Every structure is written in C-alpha cells, then in structure tokens.
Amino acid sequence: RIDQTLGNLATLLGFENAECGIRTAKRPGGDSECRVKLWWRAEANMPESYKMFVHLLDANGVPRAQADVIPQNGARPTWSWLPGEIIADEIVLQIPADLPAGQYRLMAGLYNELTGQRLTLPDGTDAIELAAIDLQ
C-alpha cells in the first residue's frame, strides 16, 4: 500500500508493475512494455481534468520513458470521479530498446491537463515514487 494523497484530491492507494525490469515483451521496433496498474481514491470533487503520469527516471532524474494519460483511456476523466470512489487504471510504458541497463525510479502522479501544474503531496513533492527498477 502506498496511501499518499496529492493535492487533497486523490490518494494513490497502491500499484502493481509487471516485469518492468526485464525486457521480455518485445514489440515491433524492439521496445519493451512495462505495465503499471494504479489504484486511486477520489478524496473530493475535481472540477479540472487531471492527467495521470507514470515516468521512468534515470539516476539523474531525467525521464527516459513516460506515459501521460486521461484515466481509463479517456473514459474516466478525473472530473467524473466521485468522492470515495476507487478507480483502477493500467498504464503501459514503452521502454526504448536502446535504454541502458541500470537503476531507474518509477514515479507516478497527476497534473492539470491545461496548465501542466502537478498536484503535490503535503511535503510539496510533486510525484510519488512507486519502485526502484533494475533494468536488465
């Protein structure tokens, strides 16, 4: 369980990631897929539309793979979430074939689709670290 709340609007309850460190699911072009399932709980009504993001950061904090999506392929924008409702979503990251092996951090969060402003944790951090990934 993660139980971290962004902007007093949404709590990331937990996540699962499938084989993010192993390049097994090859796609045409040689990229690998990393599937990340997130469980969010709406804490309040959200008048704005927020995009979910999952980023794979290198040791310098540079995003090396990312996916930014409206929840559930656009079917459940955050303005439609009801307080107390739990929303599950799966995000697929395309891991470039030429990405060097090494340590990466898997991060998630929400940002305002129009302004780019991220929701923050109480300490001001604007993303939640999900896991350290040892990419092979």
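**Exercise 1.** With which side chain does the side chain of Glu 33 make a polar contact?

*Solution.* The model is predicted: local features need pLDDT of at least 70, side-chain atom pairs count only at pLDDT 80 or more, and totals for chains, interfaces and linings use all residues. Residues are numbered from 1 along each chain as its sequence is written, and side-chain values use heavy atoms, with hydrogens and water left out.

Step 1. Strands (E, at least two residues) and helices (H or I, at least four) are DSSP runs numbered from the N terminus.

Step 2. Find the partner: the side chain of Glu 33 makes a polar contact with that of Arg 35, at 3.2 Å. A polar contact is a pair of N or O atoms within 3.5 Å; within protein, one must be able to donate a hydrogen and the other to accept it, and residues adjacent in sequence count only if both atoms are side-chain atoms.

Step 3. Check accessibility: Glu 33 counts as buried because its relative accessibility is 17%. Buried means under 20% relative accessible area, exposed over 50%, and partly exposed in between (1.4 Å probe, protein chains only).

**Exercise 2.** Work out the strand order of the open sheet and say which strands stand at its edges.

*Solution.* Step 1. The order of the four strands is E5-E4-E7-E8, with antiparallel pairing. Two strands pair if DSSP finds at least two bridges between them.

Step 1. The twist averages 20 degrees from one strand to the next, with axes as lines fitted to C-alpha atoms (for helices over the stretch in contact) and angles from 0 to 180 degrees between N-to-C directions.

Step 2. Go through the pairs. E4 is joined to E5 by six bridges, and Met 52 stands opposite Val 69 in E5. Eight bridges join E4 to E7, where Phe 53 has Gly 109 as its bridge partner. E7 (residues 102-112) is joined to E8 by seven bridges; there, Ala 108 is partnered by Ile 128.

Step 3. Look at the turn: five residues separate E4 and E5 in their hairpin, and Gly 61 in that turn has a positive phi of about 80 degrees.

**Exercise 3.** Describe the setting of His 55 in strand E4.

*Solution.* Step 1. Strand E4 covers residues 50-57, and seven of its eight residues are buried. His 55 counts as buried because its relative accessibility is 7%.

Step 1. Beyond neighbours within four places in sequence, His 55 has contacts (heavy atoms within 4.5 Å) that include Ala 67, Asp 68, Leu 106 and Arg 118.

Step 2. The side chains of His 55 and Asp 68 make a polar contact at 3.4 Å.

**Exercise 4.** Which residues form the aromatic pair found in a search of the whole structure?

*Solution.* Step 1. The search finds one pair. Rings of Phe, Tyr and Trp (its six-membered ring) pair if their centres lie within 6.5 Å; planes under 30 degrees apart count as stacked, over 60 as edge-to-face and the rest as tilted.

Step 1. The residues are Phe 53 and Tyr 111, tilted, with 6.2 Å centre to centre and 40 degrees between the planes. Phe 53 is in strand E4 and Tyr 111 in strand E7, so the pair ties together parts that are 58 residues apart in sequence.

Step 2. Both Phe 53 and Tyr 111 are buried.
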